[in-house]
Amino acid sequence: MSDIVKDAWRKYLLQLQTHPLRTKAITSGVLAGCSDVAAQKISGIRKLQLRRLLLIMFYGFAYAGPFGHFLHKLMDMIFRGKKGNQTVAKKVLLEQLVSSPWNNILFMIYYGLVIEGRPWSLVKNKVKKDYPVVQLTAWKFWPIVGWVNYQYVPLQFRVLFHSFFAANWAIFLNLKARSSVAIKNA
């Protein structure tokens with residue numbers, strides 16, 4: 001069994017090296033899908049909602065993976081050659097003040113409009129109501145992940161590392177973003 005895992009990891013690393021954006025997008029999409037399956041099961045949905053799963057995977061593939069790829073490249077450019085705890089702290093702070101709020105609000109809007117198909121007025125009200133709690137919770141969770149990511153994880157693995165934790169975070173976001181109407185219909 002370990003030979004299969006070693007071979008798969010070797011192939012993954014080769015793809016990551018030769019096609020980094022594509023590999024990160026696919027990885028993010030797959031992990032987003034895994035988190036949605038978990039979120040559906042946790043929320044009590046008996047039959048897997050395939051449309052929802054595919055739309056969550058699309059979000060991971062089309063947005064989260066590429067966004068992470070370019071975010072980490074940009075951070076590396078901004079802080080080129082700088083190391084140490086102060087630099088890591090600046091990266092984490094910049095990420096938490098800029099990308100974290102954007103990513104959370106975008107996911108909530110995407111979930112409401114695209115996945116649940118709710119009208120903008122309902123989505124806007126849901127975001128107004130729940131976004132502050134989501135963002136404050138994010139600021140308790142993501143700075144630790146960001147610190148470890150920037151301090152210890154090589155650049156080429158940062159999106160993978162982030163996507164792994166994002167899969168767990170997405171379970172929380174999925175459950176928080178779901179409308180009470182969708183819960184009643186589950």
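**Entry 1: R118.** I looked up R118 and found that it counts as buried, because its relative accessibility is 13% (buried means under 20% relative accessible area, exposed over 50%, partly exposed in between, with a 1.4 Å probe and protein chains only). R118 sits in the loop between α4 (85-115) and α5 (120-152). The helix labels come from DSSP runs numbered from the N terminus: helices are H or I with at least four residues, strands are E with at least two. I then checked the partner of R118: its side chain and that of E116 meet in a salt bridge at 2.5 Å, N to O. For a salt bridge, a side-chain nitrogen of Lys or Arg must be within 4 Å of a carboxyl oxygen of Asp or Glu.

**Entry 2: a note on the source.** I must remember that this is a predicted model, where local features need pLDDT of at least 70 and side-chain atom pairs count only at pLDDT 80 or more, while totals for chains, interfaces and linings use all residues. Residues are numbered from 1 along each chain as its sequence is written, and side-chain values use heavy atoms, with hydrogens and water left out.

**Entry 3: other salt bridges.** How many salt bridges does the rule give? The count comes to six. One of them pairs D36 with R52, whose closest N and O atoms are 2.7 Å apart. This pair links distant parts of the chain, since D36 is in helix α2 and R52 in helix α3, 16 residues apart. Are D36 and R52 buried or exposed? D36 is buried, because its relative accessible area is 0%, and R52 is buried too, at 4%.

I also looked at D130, which forms a salt bridge with K129, the closest N and O atoms being 3.5 Å apart. D130 is buried at 4% relative accessible area, whereas K129 counts as exposed at 60%. Elsewhere, salt bridges that share partners join D7, R10 and K11 into one network.

**Entry 4: helix α2.** I wanted to know what span helix α2 should have. It has 23 residues (20-42), so at 1.5 Å a residue it should span 33 Å, and its end C-alpha atoms are 33 Å apart, which agrees. The expected span is 1.5 Å times one less than the number of residues. Just after α2, G44 takes a positive phi of about 90°.

Entry 5: I picked F61, which lies in helix α3. F61 is partly exposed, because its relative accessible area is 40%. F61 and A25 are 36 residues apart in sequence but 4.4 Å apart in space, C-alpha to C-alpha.

**Entry 6: a nonpolar patch.** Which helix supplies the largest share of the patch? That is α4, with four residues, though α3 (50-78), α4 and α5 each supply at least two. V98 lies in helix α4 and is exposed, because its relative accessible area is 52%.
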